[in-house]
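Here are my notes on the structure you sent. Please read them with the model open beside you.

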Amino acid sequence: MSRKKGLSLDEKRERMLELFYERKEVYQLKELEKICPKVKGITSMSVKDVLQSLVDDNMVDSDRIGTSNYFWAFPSKASNIRKRKIDDLEEQLKESEKKRVATEKKIKQASVGREDSDSRTELLKQLAEKESLNAKLQADLDKYRECDPEVLEEVKTQTVMAKEAVNRWTDNIFSIKSWCKKKFYMEEKVIDKQFGIPEDFDYID
């Protein structure tokens, strides 16, 4: 019989937050080390690291009173923090989209205009940077979506937008690669190496 798979760090973080939200109480570390294994299936040895990661991300509050440290997290504050974070991410997505449109125009101009090697290099570099940015924004949105069901629908929409943006840039990069191969008889491996495009580069499902 195969051994039961342990919880990932994200799963432990989510379960510990659930404990705080459900009970709405203030705890010391030693109390959490006793409660979490029984109630949420988080091993006592990992409680300290999981708790610290939540504190570092401002998802759990902490304060030192005398010689003891106390920890708490209430749903109302957590929801507000995540909503502000999502607003910031949405603004970043809007700015990223503006830059994408501007770069897309430049790509169209470059494909029918003069064949300037420096211009092509810069365009491909911009494409790669924006693809990376959109992927990061999508990951951040997914992270906050998992932790706060109140904004689930809103973040789902933004996640779809981010995924579509990533795939549009992926399509643009494939188009530029095809154009370079036809115009300059370059091998695909040479293009990938020159512009730092990974071998597993592909669309996101």
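1. Start with Tyr27. This is a predicted model. In it, Tyr27 has 3% relative accessibility. The cut-off for buried is under 20%, so Tyr27 counts as buried.

2. Which residue does the ring of Tyr27 pair with? The partner is Phe20. The ring centres lie 5.8 Å apart, and the planes stand at 70 degrees. Planes over 60 degrees apart count as edge-to-face, so this pair is edge-to-face. The structure holds one aromatic pair.

3. Phe20 is buried too, because its relative accessibility is 0%.

4. Now look at the helices. Helix H1 covers residues 9-23, and helix H2 covers residues 29-39. Their axes come within 11 Å and cross at roughly 100 degrees. Angles of 65 to 115 degrees count as roughly perpendicular, so H1 is roughly perpendicular to H2.

5. Which residues make this contact? H1 supplies Met16, Leu19, Phe20 and Arg23. H2 supplies Leu32, Ile35, Cys36 and Val39. Seven of the contact residues are nonpolar, none is polar and one is charged.

6. Step back to the whole protein. There are seven helices and two strands. From the N terminus, the order is α-α-α-β-β-α-α-α-α.

7. How much of the protein is buried? Of its 205 residues, 37% count as buried.

8. Finally, check the contacts along the sequence. Take those between residues at least 6 apart. Of these, 66% join residues at least 24 apart.

Methods. Residues are numbered from 1 along each chain as its sequence is written. This is a predicted model: local features need pLDDT of at least 70, side-chain atom pairs count only at pLDDT 80 or more; totals for chains, interfaces and linings use all residues. Side-chain values use heavy atoms; hydrogens and water are left out. Helices (H or I, at least four residues) and strands (E, at least two) are DSSP runs, numbered from the N terminus. Buried means under 20% relative accessible area, exposed over 50%, partly exposed in between (1.4 Å probe, protein chains only). Contact means heavy atoms within 4.5 Å. Axes are lines fitted to C-alpha atoms, for helices over the stretch in contact, and angles run from 0 to 180 degrees between N-to-C directions. Angles under 35 degrees count as roughly parallel, over 145 as roughly antiparallel, 65 to 115 as roughly perpendicular and the rest as oblique. Ala, Val, Leu, Ile, Met, Phe, Trp, Tyr, Cys and Pro count as nonpolar, Asp, Glu, Lys and Arg as charged, and the others, Gly among them, as polar. Rings of Phe, Tyr and Trp (its six-membered ring) pair if their centres lie within 6.5 Å; planes under 30 degrees apart count as stacked, over 60 as edge-to-face and the rest as tilted.
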